[in-house]
Amino acid sequence: MTTITPLSAPQIKAQRDALSQLLLDCVNDGASVSFMLPMTQAKAQAFWSRVADSTARGERIVLVALNEQQQLTGTVQLILDQPENQPHRADVAKLLVSPGARRQGIAQLLMAELESQATRENRSVLVLDTATGSGAETFYQQAGWQRVGEIPHYALMPDGASCSTTYYYKHLNIK
């Protein structure tokens, strides 16, 4: 049984080693999530320290997936810090699932809770981007996300190869 829970800034700091290992595993497996090879523990830990600080300022929500043994199997972030004219919007970032735990519904659980958190924060428009041609594209489309378009040569894969990115959005019903 997988549980999804938000982490406070102190909890992110306490879980920094596990979160860093998850990031390392995903980047080493080829995930295009803003990092290049060689991926180091120091880069991963610095990233999670910045995320903890941003969480402490109320700029983002970090969700984690824990298995029955309370081991970290995935994470995703809802970025609430938006321009003044976009208080209804949030960005989705860093959906990571441990390579050994994929295809078990963890990403679906994380995204369902992310949408619930967004609704509680009165965010009706969610936006994300992903590497064009990745398996994530199929996942997002099946989850009801709408494809906006593609930007060629937008980023580099961890190995240095150029890749395009595809943008998606999803409207949520806010009551």
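This is a predicted model: local features need pLDDT of at least 70, side-chain atom pairs count only at pLDDT 80 or more; totals for chains, interfaces and linings use all residues.

User: How does the radius of gyration of the protein agree with that of a compact globule?

Analyst: A compact globule of 175 residues would have a radius of gyration near 16 Å, and the protein has 15 Å, so the two agree. Along the principal axes, the C-alpha trace spans about 40 × 40 × 30 Å. As for contacts between residues at least 6 apart in sequence, 59% of them join residues at least 24 apart.

User: What can I say about burial and the surface?

Analyst: Of the 175 residues, 44% count as buried. The protein exposes about 9,100 Å², with carbon and sulfur atoms supplying 49% of that area. For charge, there are 15 positive and 16 negative side chains, and the centres of these two sets lie 2 Å apart.

User: Which residues touch the most other members of the largest nonpolar core?

Analyst: The general idea first: in soluble globular proteins, nonpolar side chains tend to be buried together. In this model the largest nonpolar core has 23 residues, and those touching the most other members are Leu78, Val92, Met111, Leu114, Leu126 and Trp145. Two or more residues come from each of β2 (60-66), β3 (72-79), β4 (89-97), α4 (106-120), β5 (125-131) and α5 (135-142). The most, 6 residues, come from α4. There is also a second, separate core of 22 residues, including Val33, Phe35, Val64 and Leu66.

User: What is tryptophan 145 in contact with, beyond its neighbours within four places in sequence?

Analyst: A contact list shows which parts of the chain meet at a residue. For tryptophan 145 the list, with those neighbours left aside, includes Val92, Met111, Leu126, Tyr140 and Tyr168.

User: And where is methionine 36, and is it buried or partly exposed?

Analyst: Methionine 36 sits in the loop between α2 (16-28) and α3 (41-56). Methionine 36 counts as partly exposed because its relative accessibility is 29%. Apart from neighbours within four places in sequence, methionine 36 contacts Lys43, Leu156, Met157, Pro158 and Gly160.

Technical notes: Residues are numbered from 1 along each chain as its sequence is written. Side-chain values use heavy atoms; hydrogens and water are left out. Helices (H or I, at least four residues) and strands (E, at least two) are DSSP runs, numbered from the N terminus. Buried means under 20% relative accessible area, exposed over 50%, partly exposed in between (1.4 Å probe, protein chains only). Contact means heavy atoms within 4.5 Å. A nonpolar core is a set of buried Ala, Val, Leu, Ile, Met, Phe, Trp, Tyr and Cys residues joined through side-chain atoms within 4.5 Å. The radius of gyration is taken over C-alpha atoms; the globule rule is 2.2 Å times the number of residues to the power 0.38. Accessible areas come from the Shrake-Rupley method with a 1.4 Å probe; for residues, only the protein chains shown count as cover. Lys and Arg count as positive and Asp and Glu as negative; His and the chain ends are not counted. The place of a charge is taken as NZ of Lys, CZ of Arg, CG of Asp or CD of Glu.
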